[in-house]
Amino acid sequence: GAEGHWRRFRGVGLARGFLHPSATVEDAAQRRQVAHFTFQPDPEPREYGQTQKMNLFQSVTSALDNSLAKDPTAVIFGEDVAFGGVFRCTVGLRDKYGKDRVFNTPLCEQGIVGFGIGIAVTGATAIAEIQFADYIFPAFDQIVNEAAKYRYRSGDLFNCGSLTIRSPWGCVGHGALYHSQSPEAFFAHCPGIKVVIPRSPFQAKGLLLSCIEDKNPCIFFEPKILYRAAAEQVPIEPYNIPLSQAEVIQEGSDVTLVAWGTQVHVIREVASMAKEKLGVSCEVIDLRTIIPWDVDTVCKSVIKTGRLLISHEAPLTGGFASEISSTVQEECFLNLEAPISRVCGYDTPFPHIFEPFYIPDKWKCYDALRKMINY
Amino acid sequence: MDSPSLRELQQPLLESTECETPAQKPGRHELGSALREIAFAESLRGLQFLSPPLPSVSAGLGEPRPPDVEHPHRQQQQFSSLDDKPQFPGASAEFIDKLEFIQPNVISGIPIYRVMDRQGQIINPSEDPHLPKEKVLKLYKSMTLLNTMDRILYESQRQGRISFYMTNYGEEGTHVGSAAALDNTDLVFGQYREAGVLMYRDYPLELFMAQCYGNISDLGKGRQMPVHYGCKERHFVTISSPLATQIPQAVGAAYAAKRANANRVVICYFGEGAASEGDAHAGFNFAATLECPIIFFCRNNGYAISTPTSEQYRGDGIAARGPGYGIMSIRVDGNDVFAVYNATKEARRRAVAENQPFLIEAMTYRIGHHSTSDDSSAYRSVDEVNYWDKQDHPISRLRHYLLSQGWWDEEQEKAWRKQSRKKVMEAFEQAERKPKPNPNLLFSDVYQEMPAQLRKQQESLARHLQTYGEHYPLEHFDK
């Protein structure tokens, strides 16, 4: 049955939470470990009309559904998207919109992205799926050398702005080296593309719609651990959340905490711990767009608090926290009360059995925060 | 396409709306009576595309149904266990009980289609496309004007006037023969040695020169090395240096053209070296599986810089790969403008009518160096080069044809040489005199809108130039 589609998980223990809708993530977690975060839904949005409870993959489906309804040129393609996708993000779309609009491609990431660029060059909307962010590397040349540079090198005669690449991203509890990666830093170094990472279903739908409509090629990374674990009220109708705008999700005065994707929920909890145990008030920022990133919001916050902690699952060296840290020390040097702290994955490939030790969990973040306060 | 109503489409999926699949253009297995130029097609008896030896895997099996988690009551294909025929989904073939490896045939490879002999005489009159005089003259003048421009621009690099150049010597026939067989609106994705396609589409000399000089008239705004042409008006996508990247892109564009019922073909040029790249494999496979109206045009010119074909591949060139992907394929004499024309014309007609890819491998020879950074005497003999230059050149062969038709003579040749050289020199001198674009154009078009951080960097350069401007070649740039 469905297990036939999990070829990439060969040799790795299959997660019951993925395959069997009836099993909850909590059940699966108790058998091995408790999830390292608690998803905190945002309050029900009021300004976009009727809402429905959706998890992350359903909010992605909803965004794709809205896009294909509005834009007759839009097509969705990639490996296994036709039957609904290995994470069910495209369920129902082929039946609704037809096999010329939602279709499988051969197993070839460089082909998927190259093909998507070509569709976008004609002005049609191309929504490409890379099955796991860990497999985006064969497409690196097409993304960095072609998509990102198409407009610039042609003097704006041609562009592939209507290309969006979506890909599951980040740790999932048991993904190991090749089902857990967060490769945003590789792409951050590439002018010409946008890289966007949502923390929740509501954010995901609005940001994904903005990526699809944006006139520049975008990469949208979807935290796979949140596909089922995150559920909240999401508007049924389309709406946009702006790109390159970070969100201050909690105001504070003593420390600025910055993260994106799943890690936002970790630092939110760290903010509570800091309040409770240390009486420290934290300002929590979800960066949302990695490039071009919202320097002003982060700097404004650090000027206020004087302390900055950035956290991501990706390895420390060359991770995106280093870019934020470098820019903030340039812009806010005299405001800093302590060195900027980065709490990240270790400089190793993403391990399997050691995942609980590898990830930048709330205890590591809390400890780094405590040291910053006591500096 | 009979679209579902907008209202239907806007019903959110979570309420599971039904929707009809849109009407499809005939696929490759439904060759209706879409053949318009039947008389022309019938005359091309000698021109034969090599069909892939196996019928499509899914022919006769219908579209494979995905295993359905949601609806287990849906029936799967019924298989009979009494039948001794193979049941594997992966191939449509008979059993064999003799152990035999298929031997690749490189000794007598796929034959090379040609219309003219090396002296420009038509071999089989029924293959003569009978192009009108104006069209043949346009072919000839495009090739010769390109040749003249190549000589002057190559020389200008040697003199330090432009930084880099690539000539097209010996391959002009592949460019104009194919370009002449397309509609002007057919989208072209090239590699870097297809300037003749633009020349045939009347891209002005001024713009060729502007790009090579990177001056204010360059449509590309001075961002790329010379010969990286592009023209939106003439449907020629801007060239990029990485090889073969254009191949899957061209396939995507063809897919979009098919969806839009544009009745256009996309043509994608690449060399036999680029065909070794992964992107080429990706492009071929996607074009076939997704049924795209695309012509893959491979210029097999014998060398990839210094690497001869014997070190590039071990099979029967690029044409032999087509059937492996399920692609109609042909090998042609690339120095025979009419052969290139006929093959491209027929490929175009069928690609659009049948929504399937075609592969044309045009055999030719790179008479010039790879580029101004190359000296090919380091890896091949002058004799070899001279043979092609003197004995089998697309321009000479077409000129012989023109002469034998009485459409050209020595006097017109002399006059045209003088005129074309004069045109090129005038454009060249003008291009030299023009300033370069304003340095602000270094910063635009990275994104459609300029990000805040980039604007800060732009302002930083402006301030820097205010103080240190004397150390920069500002006098050559537009203010």
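Where is the place of Arg288(A) in chain A? Arg288(A) sits in the loop between strand S11 (282-286) and S12 of chain A.

This is a predicted model, in which local features need pLDDT of at least 70, side-chain atom pairs count only at pLDDT 80 or more, and totals for chains, interfaces and linings use all residues. Residues are numbered from 1 along each chain as its sequence is written, chains are lettered from A and ligands numbered from 1 in the order in which they are written, and side-chain values use heavy atoms, with hydrogens and water left out.

**View 1. Arg288(A) has a positive phi.** The angle is about 65 degrees, although Arg288(A) is not a glycine. Arg288(A) counts as buried, at 6% relative accessibility (buried means under 20% relative accessible area, exposed over 50%, partly exposed in between, with a 1.4 Å probe and protein chains only).

View 2. Pro292(A) belongs to the loop between strand S12 (289-291) and helix H12 (295-305) of chain A (helices, H or I with at least four residues, and strands, E with at least two, are DSSP runs numbered from the N terminus).

**View 3. Asp156(A) also shows a positive phi, near 70 degrees, in a residue other than glycine.** The loop between helix H7 (150-153) and strand S5 (163-169) of chain A contains Asp156(A). Asp156(A) is partly exposed, with a relative accessible area of 35%.

**View 4. Chain B is assigned domain 1 (131-434) and domain 2 (439-469).** These bounds come from an automatic or database domain assignment. Taken over C-alpha atoms, the centres of domain 1 of chain B and domain 2 of chain B are separated by 36 Å.
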